[in-house]
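My notes are below the structure.

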Amino acid sequence: MMAAVADPVQPFGRRGLCPALSAPMQTGDGFLSRVAFEADISPHVMVTLCGLAERHGNGLIDITARGSLQFRGLTPESACALAKDVLALDLPLREGLAVETSPLAGRDDAEIADGRFLAEEIRKGAGALALHDKLAAKTSVVIDGGGRLAMGDLLADIRLKAIRLEGRTFWQLLVGGPESKALKAGLVEPVAAAGVVLSLLVFLAEKGPFARGRDVDQQTVTAICGERLLGWGSGGEARTPSLPLGLMMTGESRFAVGVAPAFGQIRSADLAHLCERADTFGIDALRPSLNHSLLFFGSSSACEALREAAVASGFVTTAGDARSSIAVCSGAPGCASAFLHTHDLAAFAAEECAALLDGSFTLHVSGCGKGCAHPAPSLFTLAGTSDGLAFSISGRAGDPPAGILPFEQQQTALSRLARLYEKEHKPGENAAIFFARLGREEIGAALRQDNQ
């Protein structure tokens, strides 16, 4: 039996709720339901899911930063029907606590450790302790075995990252936030790793439904983990991960191709068409993946043929694509909190500011101050407000802005920024260095030029 439909549209301060399949969430374009997979599905199954998106919703599908699918434009009744139809497909759906592993885990010859078994042990332990309903809504655990795909930007309350040190494999324990901002708590032996994570989860559950990993300090972690927590150590074998885009060889005679819809959202008919092409090329498995992407698995020739088809259909297939340097939420009209048509502005920025969007930073375009698409600070952020388009330099969407522009000036302001970069950037200087050199005052002055 499906749970009762959640509250009305979430107010500003309730960003933490999750729109699960069994508990859809109301948004500006109807209700939203989310599904996540623990294993591959076939292109044929994805075509079926696209049909359900058309039948029960408005035909729009989001692929989230963690690789979940979101069905949009549902009603309370059609959300129930969608849940029934999805469950009837008997898919490998994730239930309970979010424990993330790389979509390439177990088939990536560059990984240090296969995190799938550890993740399953944590899921089972959390389920046996009934932790899911006691923890904050978006509590998550990341198990990063290393390898080709970058997982460091994913927010995690608890993170285990594989490291090889002096010929042995350990798990680095990090607590709270993305990897770059997390508390580096120490090393854990593989045999103790699941127990350490479960102990920390129990602690968070006992603190109540608002406690997060970022609230835990080193002294607390040490007290909870005891002798299972080793010293932090130094050095160790590292990997150079990448975005999951384009053709990649994951092992001997094993290939994958990563493609992404522009800005993480796509019409189900377009996705169904790509999956039908994948089927004709002989690709029999795919997985919604990190960074709003899809990974298809097959032979080298099949993957390359699909990559070419994806390019022709407007998908992003390379990290160098300007669109891959923009983090953007659904915006208006899809989100009731949004003051801005984010996808329209992002598409304009990708064309007008292509030279500026060189991969050295992420442009964050947010419909409001919640900043759902990029919770961490960004070098340049544009956010809709009731007063106009706020812009921030090295800040979050909800931070006090460096300035606010009238909405009708948004494209003009981006054009001025693009011209400033073309004129002022130095040879060999990327956009991130350019922003740092000019500083927020000069950047702000260029954006506000028509309003002075």
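The entries start with the ground rules and then go topic by topic.

**Ground rules.** I am working from a predicted model, where local features need pLDDT of at least 70, side-chain atom pairs count only at pLDDT 80 or more, and totals for chains, interfaces and linings use all residues. Residues are numbered from 1 along each chain as its sequence is written, and side-chain values use heavy atoms, with hydrogens and water left out.

I took helices as DSSP runs of H or I with at least four residues, and strands as E runs of at least two, numbered from the N terminus. I checked the length of α4 (residues 190-207) first. Next I listed its buried residues (under 20% relative accessible area; exposed is over 50%, partly exposed in between; 1.4 Å probe, protein chains only). Among them are Ala192, Val196, Leu200 and Leu204. I then looked for what covers them, with contact meaning heavy atoms within 4.5 Å. The cover includes α3 (116-128), β8 (168-175) and α5 (218-225). Just after α4, glycine 208 has a positive phi of about 110°.

Leaving out residues up to four places away in sequence, its contacts include Val35, Phe37, Met46, Ile61 and Pro288.

**Aromatic pairs.** Rings of Phe, Tyr and Trp (its six-membered ring) pair if their centres lie within 6.5 Å; planes under 30 degrees apart are stacked, over 60 edge-to-face, the rest tilted. I found 4 pairs in the structure. Phenylalanine 380 and phenylalanine 435 have ring centres 5.7 Å apart and planes at 35°, so this pair is tilted. The pair links strand β18 (residues 378-385) to helix α10 (residues 431-447), 55 residues apart in the chain. Both phenylalanine 380 and phenylalanine 435 are buried. Tyrosine 421 and phenylalanine 434 have centres 5.0 Å apart and planes at 85°, so I logged them as edge-to-face. Tyrosine 421 is buried at 5% relative accessible area, and phenylalanine 434 is buried at 0%. Ring pairs join Phe361, Phe380, Tyr421, Phe434 and Phe435 into a cluster.
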